[in-house]
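Trainee: I would like to go through the terms used for this model and ask what each one rests on.
Mentor: Go ahead.

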Amino acid sequence: MSEAAAPPASAHVVPPAWATDRRGVLAALPRRVRRLLERWVVCRGNKVAYLRRLGARIGEQTAILCRVGDFGSEPWLIEIGSRVSIAAGVVFVTHDGASRVIRDRIPGGSPYGNCFAPIRVRDNSVVGLRAILMPGVTIGPDSIVGAGSLVTRSIPPGTVACGTPARVVSTVEQYVESYRTHMISGLSSDRVELRRQLTRRFWGEER
Ligand SMILES: CC(C)(COP(=O)(O)OP(=O)(O)OC[C@H]1O[C@@H](n2cnc3c(N)ncnc32)[C@H](O)[C@@H]1OP(=O)(O)O)[C@@H](O)C(=O)NCCC(=O)NCCS
């Protein structure tokens, strides 16, 4: 799907009544405690379920390795498609907090600022370790963002982009060609065997 559709009902964790009734038991708890209960009890530690509950749209078979807090203060402005990988340390920025400097000059401005924009990561894309995604960007589908990149503009479908600011460096088709030239063939899908294979190859002994 190019726009992340709402996940099927079966993908949601159905919260018990005491958890959804804002006038009930939970409402009386401090926000932090309520958040912890929602995450670990209602969503049973399932990060994707919890993020969906916070309002993010997330497709199927998507791996979220960054922290929930890295979805920022407007997780409901984030759409992630299916078969996407979001690596550890990736940060989503959906608002321009810099405007706090000029807030006194904007009559009638919102206390939260007035510049927000959604972030979309479309199907079958990978966002590398510690990338920062700025407001309004769309990545993919079928695109790769390199580790440590600062994404300030959208990344077109089927491309590899990296750097600060991120720029397209190749197409995914070119990346496939280059990958084939330095990939290691015949690796095991069993983690223990994989360790044996790689330590023998790189250290000359099993470690
Ligand atoms: C972006 C990426 C996919 C490119 O892979 P690649 O095509 O094999 O790249 P190469 O190593 O051939 O590098 C090509 C050029 O891009 C540069 N480059 C590669 N990755 C970069 C990055 N993350 N940021 C900035 N520049 C990068 C290289 O320095 C090289 O530049 P040069 O031609 O001037 O020497 C890869 O480097 C990357 O960042 N992968 C994600 C890693 C990751 O996050 N892993 C955890 C996932 S859970």
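**Contacts, core and sheet**

Mentor: Start with Val-145: in this predicted model, Val-145 touches Val-127, Gly-128, Ala-131, Ile-139, Val-151, Ile-155, Ala-161, Cys-162 and Ala-166, leaving aside residues up to four places away in sequence.

Trainee: Which residues touch the most other members of the largest nonpolar core?
Mentor: Val-127, Leu-133, Val-145 and Val-151, out of 34 residues. Helix H3 (47-53) and strand S3 (78-80) are among the elements that each supply at least two residues of this core.

Trainee: Why is this core said to lie between domain 1 (17-53) and domain 2 (56-203)?
Mentor: Both domains give residues to the core, so it lies between them.

Trainee: Why is helix H2 (residues 31-42) called hardly covered?
Mentor: A buried residue needs 20 or more other C-beta atoms within 10 Å of its own. Among the 12 residues of H2, the count that are buried is 1, hence the wording.

Trainee: How do you know that strand S6 (residues 119-121) and S9 pair?
Mentor: Pairing requires at least two bridges, and 2 bridges join S6 to S9, so they pair. The two run parallel, and Val-121 stands opposite Ile-139 in S9.

Trainee: What makes strand S1 (57-58) and strand S9 (138-139) edge strands?
Mentor: The open sheet has the order S1-S3-S6-S9. S1 and S9 each have a single partner strand, so one side of each is left without a neighbour in the sheet.

Notes:
Residues are numbered from 1 along each chain as its sequence is written. This is a predicted model: local features need pLDDT of at least 70, side-chain atom pairs count only at pLDDT 80 or more; totals for chains, interfaces and linings use all residues. Helices (H or I, at least four residues) and strands (E, at least two) are DSSP runs, numbered from the N terminus. A nonpolar core is a set of buried Ala, Val, Leu, Ile, Met, Phe, Trp, Tyr and Cys residues joined through C-beta atoms within 7 Å. Domain bounds come from an automatic or database domain assignment. Two residues are in contact if their C-beta atoms, placed from the backbone, lie within 7 Å.
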